[in-house]
Amino acid sequence: TPNFTMCQEVFMNNPKKPEMAEFAQRLKKLRKDMKKKQSEMAELLGCTTSHYQKIEYGEINISCISLMILADYFGVTTDYLLGRSEEM
């Protein structure tokens with residue numbers, strides 16, 4: 001059976017998987033709805049604008065802490081952000 005590290009590496013080395021695409025799409029929509037710039041979101045997460053752009057483009061994964069920060073900031077659930085629920 002695959003171990004967690006192997007699964008994580010496969011997930012992170014295959015950008016724009018459907019799971020990442022849904023998250024990226026929802027994140028971008030929420031940011032635009034609040035009229036925030038990518039640079040402002042990067043500041044919120046304590047990362048560079050380039051790194052944030054990669055998150056929003058579905059190219060890289062984020063930590064669970066960053067996920068919680070984003071969910072709290074936008075007033076949605078982590079399940080909504082991840083595309084696991086339609087309920088915000």
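Two rings of Phe, Tyr or Trp, taking the six-membered ring in the case of Trp, are said to pair if their centres lie within 6.5 Å, and planes over 60 degrees apart make the pair edge-to-face. With that in mind, please look at the structure above, which is a predicted model, and which holds one aromatic pair. The partners are Tyr-73 and Phe-74, whose ring centres are 5.1 Å apart and whose planes stand at 80°, so the pair counts as edge-to-face. As for how these two residues sit in the model, Tyr-73 is partly exposed, at a relative accessible area of 30%, whereas Phe-74, at 10% relative accessibility, counts as buried.

Another ring to look at belongs to Tyr-80, and here Arg-26 lies over the face of the ring, at 4.2 Å from its centre.

Let me now turn to Glu-56, which is found in helix H4, the helix covering residues 49-56. Is Glu-56 buried or exposed? Its relative accessibility is 3%, and because buried means under 20%, Glu-56 counts as buried. What do we find around this side chain? The side chain of Glu-56 makes a polar contact of 2.7 Å with the side chain of Tyr-52, and a further polar contact, of 2.9 Å, joins the side chains of Glu-56 and Gln-38.

Conventions. Residues numbered from 1 in each chain as written. Predicted model: local features only at pLDDT ≥ 70, side-chain atom pairs only at ≥ 80, totals over all residues. Heavy atoms only, no water. Phe/Tyr/Trp six-rings, centres within 6.5 Å; stacked < 30°, edge-to-face > 60°. Buried < 20%, exposed > 50% of the residue type's maximum accessible area, 1.4 Å probe, protein only. Lys NZ or Arg CZ within 6 Å of the ring centre and 35° of its normal. Helix = DSSP H or I, 4+ residues; strand = E, 2+ residues; numbered from the N terminus. Polar contact = N/O pair within 3.5 Å; in protein donor to acceptor, adjacent residues only side chain to side chain.
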